[in-house]
Amino acid sequence: MQTPSSRSVDVLLVGSGINSLVCAALLARDGRRVHVLEREQVHGGCIRTDELTLPGFAHDTLSTAHPLFVVGPAHAALGEAMRQAGMEYCNNDTPTGVLLPDGRSLVLSTSRERNVQAFEACRPGAGAAYAAAMAEVQDNAELVFALLGQELWRWPTAKLLARKAWKQGALPLSGFFGAALEPARAWLQRAFGDVDSPIAALLAPWTLHTGLGPDSPVSALMDKVVAFTLEAVGMPLVKGGNAGTVRALRSLIEQAGGRLETGADVEQVLVQGGRARGVRLRDGRELLASDVVCSVTPTQLYLRLLSEQTLPPEVLQQARAYRYGKGNMQIHLALSEAPRWPDAELGSATYLHLSGGANAVSRAVNEAERGLLPAHPTICVAQPTAVDPSRAPAGRYILWIQLPECPREPRGDAAGEIAVDPAAGWTPALREAYADRVLAAVARHAPNLPASILGRSVLSPADLERLNINLVGGDPYGGDCGLDQSFLWRPLRGQRNHETPIAHLWHIGASTHPGPGLGGTSGVHVASLLGRH
């Protein structure tokens with residue numbers, strides 16, 4: 001029923017991803033009247049759990065693991081309340097591993113001592129090099145995690161930098177930033193002597209989960225931070241599926257008097273006198289608020305939700321120039337038995353990469369960026385039932401397979417085996433043919449896989465965008481994470497923190513600092529600001 005409404009709240013939130021839900025929960029618990037608007041029929045954005053294959057098999061359709069969340073400020077503020085609302089984690093001491101094409105493998109544990117020993121066994125001196133890298137993160141933790149998590153255009157960050165410069169000297173501080181720009185390939189070669197060794201193959205794929213590649217600036221630092229984090233907290237999964245995160249946050253919001261709505265497609269942010277006044281929905285309703293918080297991409301915010309007349313020309317220009325990164329593909333399997341890997345320890349790794357090392361990752365990244373289906377993609381295999389048997393019927397298993405190097409707009413096949421029609425894009429036939437290649441590669445290491453598959457569901461980059469409008473071209477990271485679109489320059493060079501040119505309009509989500517991942521940090525920052533009003 002299309003009935004315009006003048007109902008006013010303190011804060012309207014557009015989108016219901018992790019950042020919106022965290023922001024709404026914090027504000028509602030602080031006494032603010034909040035209303036979350038979600039255009040899809042389920043809340044959560046990239047957090048959802050569905051029976052994609054067969055009844056009783058709970059698949060995390062998009063995102064799954066929570067290491068960033070449990071070490072971040074959102075969990076510090078809301079974690080205990082979410083636990084009381086029913087969210088529970090499952091975890092173990094082997095968060096990740098790698099399996100190389102020649103059958104060699106290596107597992108990263110939550111024990112520094114075990115990791116150093118395992119690395120040293122691979123190559124003399126490698127354990128010491130790894131320990132030195134982890135000590136480097138530890139010694140610079142205050143600065144590193146401030147830059148990766150705090151608002152950069154704020155006095156606390158400026159004061160931290162000034163204090164470091166005063167204490168260490170401007171030249172050493174400058175040296176730290178120079179070293180932080182190092183690509184992962186250079187670090188892996190220098191530290192471990194071979195970019196295609198099991199150690200490099202274990203670490204290099206993690207650059208992909210930060211939206212980068214092994215040749216990208218800052219990728220070495222991100223690799224080190226990921227390893228440091230996995231040692232600290234493992235790879236926690238929400239018991240029963242990631243949708244438990246949404247249920248817990250929704251419970252906190254509603255208990256505090258907040259409101260959440262699905263099927264609420266925001267058509268326009270209402271602006272009057274240079275400030276946001278509310279939103280107009282596609283069904284004709286107008287909702288008013290003191291502040292509007294949008295968890296969307298820059299192109300959605302500036303080129304769809306706002307009138308051009310309300311924006312400075314330079315912001316429009318930068319929004320039009322905003323780049324999106326590689327696409328993703330998801331393959332979900334229901335299994336009658338777990339994969340029989342060549343090393344039994346691999347069966348306990350929550351995330352297992354099938355990778356040939358930094359060169360193989362680099363090659364696949366390059367092929368995907370040129371619009372080609374990678375001949376030998378990096379295959380990320382999550383094994384949720386290794387830590388959470390409740391996700392499948394008794395004696396059954398699931399696999400969550402991610403391919404982070406997919407072309408957003410396929411133009412060809414690097415292997416020359418699959419016919420690609422550039423004009424047709426990601427057709428169902430192309431999606432399934434590429435999934436066949438991936439599963440054949442997995443089966444070469446786990447020969448029992450084909451016969452154990454009870455059900456299969458494949459989501460191409462185009463399918464991902466249909467599920468979530470923010471996944472442009474299947475990019476799950478809210479935009480290319482190159483240096484020019486990160487840190488001070490994320491989302492746009494003309495913006496500071498989560499502000500916009502429109503007063504009382506705020507921008508959060510993966511497209512904003514500190515970037516992608518299930519952290520909820522941008523939601524915390526904006527909630528902190530609005531909680532003071």
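1. Helix α4 covers residues 112–122 and helix α5 covers residues 126–139, and they pack at an angle of about 140° with their axes 6 Å apart. Angles over 145 degrees would count as roughly antiparallel, so α4 and α5 are oblique to each other. On the α4 side, the contact is made by Arg112, Asn115, Val116, Phe119 and Glu120. On the α5 side you'll find Ala126, Gly127, Ala128, Tyr130, Ala131 and Met134. Sorted by class, that contact has seven nonpolar, two polar and two charged residues.

2. Next, have a look at α6 (residues 141–149) and α11 (residues 219–233). These two pack at an angle of about 105°, and their axes are 12 Å apart. Anything from 65 to 115 degrees counts as roughly perpendicular, and α6 and α11 are therefore roughly perpendicular to each other. Which residues meet here? From α6 come Val144, Phe145 and Leu148, and they meet Leu221, Met222, Val225 and Phe228 in α11. What is the class make-up of the contact of α6 with α11? It has seven nonpolar residues, no polar ones and no charged ones.

3. Now for α1 and α12. Helix α1 (residues 18–29) packs with helix α12 (residues 243–255) at an angle of about 25°, the axes being 8 Å apart. That angle makes α1 roughly parallel to α12. If you view the pair in 3D, look for the handedness too: α1 passes α12 in a left-handed crossing. The α1 residues in the contact are Ile18, Leu21, Val22, Ala24, Ala25, Ala28 and Arg29, while α12 brings Thr245, Val246, Leu249, Leu252 and Ile253. By class, the contact of α1 with α12 has 10 nonpolar, one polar and one charged residues.

4. Stepping back to the whole protein, you can count 19 helices and 20 strands. Its radius of gyration is 23 Å, close to the 24 Å that the globule rule gives for 533 residues, so the protein is as compact as a globular protein of that length. Along the principal axes, the C-alpha trace spans about 65 × 60 × 50 Å.

5. Then there are some backbone details worth checking. Most residues other than glycine have a negative phi, and most peptide bonds are trans. Where does this chain depart from that? The peptide bond from arginine 490 to proline 491 is cis, with omega near 10°. Proline 491 sits in the loop between α18 (461–467) and β20 (505–508). Asparagine 497 lies in the loop between α18 and β20 as well, and its phi is near 50°, a positive value in a residue other than glycine.

6. To find proline 514, go to the loop between β20 and α19 (521–530).

7. Finally, how far can you trust the picture? Mean pLDDT for the protein is 96, and 98% of its residues reach 70 or more. Where pLDDT is low, the predicted coordinates should not be read in detail.

Terms used: Residues are numbered from 1 along each chain as its sequence is written. This is a predicted model: local features need pLDDT of at least 70, side-chain atom pairs count only at pLDDT 80 or more; totals for chains, interfaces and linings use all residues. Side-chain values use heavy atoms; hydrogens and water are left out. Axes are lines fitted to C-alpha atoms, for helices over the stretch in contact, and angles run from 0 to 180 degrees between N-to-C directions. Helices (H or I, at least four residues) and strands (E, at least two) are DSSP runs, numbered from the N terminus. Angles under 35 degrees count as roughly parallel, over 145 as roughly antiparallel, 65 to 115 as roughly perpendicular and the rest as oblique. A crossing is left-handed if the near helix is turned anticlockwise from the far one by less than a right angle, and right-handed if clockwise. Contact means heavy atoms within 4.5 Å. Ala, Val, Leu, Ile, Met, Phe, Trp, Tyr, Cys and Pro count as nonpolar, Asp, Glu, Lys and Arg as charged, and the others, Gly among them, as polar. pLDDT is the predictor's confidence in each residue, from 0 to 100. The radius of gyration is taken over C-alpha atoms; the globule rule is 2.2 Å times the number of residues to the power 0.38.
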